[in-house]
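Work through the exercises below with the sequence and structure at hand. Each task is followed by its solution.

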There are 2 protein chains.
Amino acid sequence: MTSAEYLQIAFLLSKRANSKDIRPNPFVGAILVNQKGEIIAEGYHKKAGEAHAEVIAINNAKQKRDSLSDCTLYVTLEPCSHFGKTPPCTNLIIDHKIAKVVIGSLDPNPLVDGVQQLKDAGIDVEICLLPEIETFNSVFNINHRLKRPKYILKTATTLNGKIADRAGTSKWITNNSSRKYVHEILRSSVDAILTTAKTVIQDNANLNIRREGKEAEELSVIIIDRNLEILNNAQQQLALFYPRVHSKIYLVTDKKYEHDLPNHIEIIETVFTNGMYDTPSLNKILLSKNICEVLVEGGGKLNGAMINENQIDEINLFIAPSLLLDNQAINAFNWEELQLMDQKTNLKLIETKIIEQDVLLRYQLMH
Amino acid sequence: MTSAEYLQIAFLLSKRANSKDIRPNPFVGAILVNQKGEIIAEGYHKKAGEAHAEVIAINNAKQKRDSLSDCTLYVTLEPCSHFGKTPPCTNLIIDHKIAKVVIGSLDPNPLVDGVQQLKDAGIDVEICLLPEIETFNSVFNINHRLKRPKYILKTATTLNGKIADRAGTSKWITNNSSRKYVHEILRSSVDAILTTAKTVIQDNANLNIRREGKEAEELSVIIIDRNLEILNNAQQQLALFYPRVHSKIYLVTDKKYEHDLPNHIEIIETVFTNGMYDTPSLNKILLSKNICEVLVEGGGKLNGAMINENQIDEINLFIAPSLLLDNQAINAFNWEELQLMDQKTNLKLIETKIIEQDVLLRYQLMH
C-alpha cells in the first residue's frame, strides 16, 4: 500500500468521532504499520481533553510488543508539539524511537511545529497532504487560520432570490423536506445559530433542532440585537424562550445592560459601525465559548454584510420552484453599496441536491 | 404487447422528424399491426405539407397486401378529420376498413374531430393517452391551445438573481460551456429570439447560432422596439445586422414607419399598454409567419412582464457561482408591482444540469 492509502485508513478512523465531542479539536486518526506493512495498532481522537490519536495508537501497540523502532506512524494531522490539555505527541513519538512518520495534513495552529521537532530528533518525516482531510477539518482550520467560527449561511429563496414578500411573509417558500434537511443536517452539526432580533421577532421561530420521531433538541442562538429588543416585555412570549438546560441565548449589543438576567441569557457587548457589529470581537468571544461552527439564518441585510466582510465560508441555498416578481419583495442578499461585475464575490460549487421540487445548491467561499 | 407499448414504437418513429421541418405540424408516428400482433407497416410525418404518418403507414401496407380490415392502426396523435394541406386521414382509414385505431394523444385543434368520425364509421377506437407524447409536442399543443408561440425564457444570473451590475455590464456571468449550450441546444431548436432594443443595443450581440466547427447560422430576431431605435443611423453597425438570407429582423412598435426597408427587416405594428406590447396581436402575427417556438433573451423588464402576462412556458436559468451584492445591480425579473407570497408564480422543476461550475435549472409553467 502507498502512503496515501495508509493515510486513507487513518482518515476513516478519524471520522468515527462526533464533531461536537471533539470541539475545538480536529478529527485525527492514526495507525502504526510494521516493516512487513501490517497495521499493528490504530487510534482516533474521540473527545476534547482526552488522548490524541497518536497516543492511543502507540499505547495499543505497546500492549503487543516492546519496540516500535521498526514502525511507521501514519497520522492524518501533524502531531502536536506543545502542551495543551495533553502533553506533546512529538515527545511520545521520539521516546518510542518510531522510524518514520507520515502526515496527511498540517496543523494551522502556529504553536504546533511537529514536523520540525520530529526531523530534529532524527525521525524520517513524509508529508503527504490529502485535500479531503483538510476539507473534513474545515471547522478546525478556519478557527485557527481565520480566528473565527466557521460560518455556514443558509437561505431559502424563490428562483429570483426573494426570501419574503414586501409584507415580510416568508412562510413557506421551500417545502417540508427542505426544512427537515435544515434541522437534521444543518442545525444538528453546528454549535449555534446566528440571526438578528428582527428575524427572530418577525418569524417567531423556535430555532431548535427537530428530528422526526425525537424530542426537540436545544441549540444556542446568537442574536444581533443592538437595541436589546429581545428583552422587551412584549417579546417574552417568543418561541425561542423555551426552557434551556445546556444552550444559551447570546444578545450582541453596544448597550450597557444593568439588570439581572436568567442564566441562559448572556449579553455580548461590542461596538457597531454602520449598523454592523464588530466581527473580530464577536468572533473572539464565540471561540472562547467553544462555539466553533455557526449556522447563519438571518435576513438579507445580515447576509449581505457578512458576505461583504468575508465572514461566510459556505452557502446553502434552497431554491423553491416559484417566482416572486415584486421588486420590493425581500432579497436574500440585501446590500446598498456598489459592486461592479469585476468585483463580484466568487463561489465554488460543492454540491447540488434535488429535494422534491426544491434544489439545494452548496457553495464554498475561499478566504 | 400492450397498446401503450405499440404506441411507444410509433412515438419513437415520430421523433425521426426534425422539428423545424414539420412546423407548424406536430410530430406523429404510426404503425399498422395485424391480428398476429406483427407490425406490417410504419410511417412518420417528415415535412409540413407532405403525407401524414397514417397515410405513409397505410400506403406501405398496401404494397404488401390488399386488405387492412384485420389491422389495428397505432397512431401517436388523433387522426385529422379536416382538409388542411392534405386530405383528412380519417377518410383513408375508413376507406381501408381498418378494424381498430389506438390513439396516443388528442389533437388540440378544434377543427379536428377524428375520434368521433372514426367511431361514427363503426371503427373501434381506443384512446390511450401517453403524457410523454403530449410533452414532446408541447410546441404544437401550445400553438393551438394558447394561440401563441411556445416561449422559452433563458437568463443567466448570479446566485442572487442578478443579470448585470448597475452599470449594465453583463459579460460574463456564466461560463463558456453554458454559453455554448445556449447556442447548440436552445437557439438551435427555436424559430426566433425575442428581445428588446435596449438589450440589443447594450450587448451588441449577434443573436445567431454558433456551433463548434461550423459556420454561424442565421436566426430570426423579434425586437420589442417601440421607438424604432434600431433603425437609427447610429445603430446600423449593430452585430445583428449580418447578411441575412432566410431569417428576418422583426421590429415591434406602435409607430408608423413610412420609409423603405431592406427585405430582411419587417415592422410589426401593435398597441402598447404600460410599456408592454399587445401580446395577442403579436402572437397571432408570429404564428401566421410560422414562428412556433421563441427563445426569450431579453432584460429583466421583459422577463417580468412576460411572466406576469402568462406568456412564458419554460424557464432555463443558468446560475453562476458568484454573488453581486449591490441592490442596484439588475434583476433577472424586474417587476414594479405588488406580488404577495400567496400570489407567487409557481413553477415545475423539469431538469437540473451541472455545467462545470454553473447550474442550469429548467422549469415548466402551466397555463
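**Exercise 1.** How many residues of chain A are in contact with how many residues of chain B?

Solution. The model is a predicted one. Count a pair as in contact if the C-beta atoms lie within 7 Å. By this count, 44 residues of chain A meet 43 residues of chain B. Next, assign the chain A side to elements: helix H11 (300-308) and the strands E15 (314-319), E16 (322-323), E18 (345-346), E19 (348-355) and E20 (358-364) each supply at least two residues. E19(A) gives the most, with four residues. Finally, sort the chain A side by class: 22 residues are nonpolar, 15 polar and seven charged.

**Exercise 2.** Find what joins E16(A) to chain B.

Solution. Look at strand E18 (residues 345-346) of chain B: two bridges join E16(A) to this strand, and the two run antiparallel. Then take A:Ser322, whose bridge partner in E18(B) is B:Asn346.

**Exercise 3.** Determine how chain A is related to chain B.

Solution. Superpose chain A on chain B: this takes a rotation of 180 degrees with 0.1 Å of shift along the axis, and the RMSD is 0.1 Å. The two copies are therefore related as by a two-fold rotation axis. The same surface serves both copies, as 98% of the contact residues of chain A recur in chain B. To locate the axis, go to A:Gly161, whose C-alpha comes closest to it among the residues of chain A, at 2.7 Å.

**Exercise 4.** Which residues of helix H3 (residues 53-62) of chain A are buried?

Solution. The buried residues are A:Ala53, A:Glu54, A:Ile56, A:Ala57, A:Ile58 and A:Ala61. Their cover includes helices H1 (3-14) and H4 (89-95) and strands E1 (29-33), E2 (39-44) and E3 (72-75) of chain A.

Notes:
Residues are numbered from 1 along each chain as its sequence is written. Chains are lettered from A and ligands numbered from 1 in the order in which they are written. This is a predicted model: local features need pLDDT of at least 70, side-chain atom pairs count only at pLDDT 80 or more; totals for chains, interfaces and linings use all residues. Copies are superposed by least squares on the C-alpha atoms of residues with pLDDT of at least 70 in both. Two residues are in contact if their C-beta atoms, placed from the backbone, lie within 7 Å. A residue is buried if 20 or more other C-beta atoms lie within 10 Å of its own, exposed if 12 or fewer, and partly exposed in between; C-beta atoms are placed from the backbone. Ala, Val, Leu, Ile, Met, Phe, Trp, Tyr, Cys and Pro count as nonpolar, Asp, Glu, Lys and Arg as charged, and the others, Gly among them, as polar. Two strands pair if DSSP finds at least two bridges between them.
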